[in-house]
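These are my notes from a first pass through one chain.

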Amino acid sequence: MSKRRTQGMLRLMASGEPVEVTSPMASVKTLARLAFIAQQFGYEYADVRTGGYNNSSLVMLIVPDPSPQARARAAQNWAQYPNAGDGVSLPPLVPDAVELLKARINFDLTGRSAEKRMLYGAIGTTVGAVVVALRSGGDGLLWGGLFWALLMGILAVGFVVTRRRNATFAARLQAAGFVQVTDETGRLRYLPPGGQLPGHGNPFAQQQPQY
């Protein structure tokens, strides 16, 4: 979590508008730490997506938290850390809170939607292999079958690993009191008690200040 990136995030937060924060190295750990800092000054983690060239970056959306608790926490922290805007004079990180944010971000990235994409990938691979094999004939049937078996094996391993990771993240969030909700697109999310989904449909649909 660099000083420059923290400074930029806090500067954009001063507008009181939703803010997008980018991690060029696709680091969930970095985004979780930035989200924790944002929470100390009146903002809340809202969502995350992949972006950039070849989806090599992560883009996190944070939004103002209007709850009285968040307002009081922000006022207290600004009073205690008046120079926080320098990106260094900040409240100390709380490891358990950062870990919960990591679990939320990871689940949002590789939740049920990722499992569905793998199933669709398996179907597409099967159809493609059948078409290639029928067009090639002879040895093409053999090589097509071997190629299909290899890809299906890779997809199966990825599916199992992803499902186990999702179950781990979900169990951690549920144990901390997070509530399972489904957004308008059918996507499964976990929100803190009393939390609400940001906006309607795709929270990234409107252009946000980015850093």
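Entry 1, burial. I began with a term: a residue counts as buried when its relative accessible area is under 20%, and as exposed when that area is over 50%. The model is predicted, and I read every value below as computed from it. I looked up the share of buried residues and found 39% of the 211 residues in the chain.

I counted six helices and five strands in the chain. Read from the N terminus, the elements follow the order α-β-α-β-β-α-α-α-α-β-β. I then looked up how far apart in sequence the contacting residues are. Among contacts in the chain with a separation of 6 or more, 69% join residues 24 or more positions apart.

Entry 3, the sheet. Which strands form the open sheet, and in what order? I found three strands in the order β1-β3-β2, with antiparallel pairing. The edge strands are β1 (residues 19-23) and β2, each of which pairs on one side only. On average, neighbouring strands of this sheet are turned by 25° against each other, direction ignored. As background, I noted that strands of a sheet pair through backbone hydrogen bonds, either parallel or antiparallel. For β2 and β3 I found eight bridges, in the antiparallel sense. I also looked up T50 and found L58 of β3 opposite T50.

Helix α1, residues 3-13, lies across β1, β2 and β3. I noted that α1 runs at about 170° to β1. Which residues of α1 are buried? They are R5, T6, G8, M9, L10 and M13. I checked what these buried residues pack against and found β1, α2, β2 and β3. Helix α4 lies across β2 and β3 and runs at about 40° to β2.

I found Q39 in helix α2. Is Q39 buried or exposed? Its relative accessible area is 13%, so Q39 counts as buried, the cut-off being under 20%. Leaving out residues up to four places away in sequence, Q39 touches E44, Y45, R73 and L101. I37 also has its place in helix α2. I37 has a relative accessible area of 1%, so I37 is buried as well. I looked up I37 together with V94: the two are 57 residues apart in sequence, and their C-alpha atoms are 9.9 Å apart in space.

I looked up the space in the largest pocket and found about 720 Å³. The pocket is lined by 27 residues, and those closest to its centre are E44, D65, P192, G195 and Q196. Which elements give two or more residues to this lining? They are α2 (28-40), β2 (43-51), β3 (57-64), α3 (68-80) and α4 (95-110). The largest share, four residues, comes from α4. I sorted the lining by class and found 16 nonpolar, seven polar and four charged residues.

Terms used:
Residues are numbered from 1 along each chain as its sequence is written. This is a predicted model: local features need pLDDT of at least 70, side-chain atom pairs count only at pLDDT 80 or more; totals for chains, interfaces and linings use all residues. Side-chain values use heavy atoms; hydrogens and water are left out. On a 1 Å grid over the protein atoms alone, a cavity is a set of points where a 1.4 Å probe fits but cannot get out, and a pocket is an open set with protein on both sides within 12 Å along at least five of seven lines; lining residues have an atom within 4 Å of a point. Grid points are joined across faces, edges and corners, and a volume is the space filled by probe spheres set on the points. Ala, Val, Leu, Ile, Met, Phe, Trp, Tyr, Cys and Pro count as nonpolar, Asp, Glu, Lys and Arg as charged, and the others, Gly among them, as polar. Two strands pair if DSSP finds at least two bridges between them. Axes are lines fitted to C-alpha atoms, for helices over the stretch in contact, and angles run from 0 to 180 degrees between N-to-C directions. Contact means heavy atoms within 4.5 Å. Buried means under 20% relative accessible area, exposed over 50%, partly exposed in between (1.4 Å probe, protein chains only).
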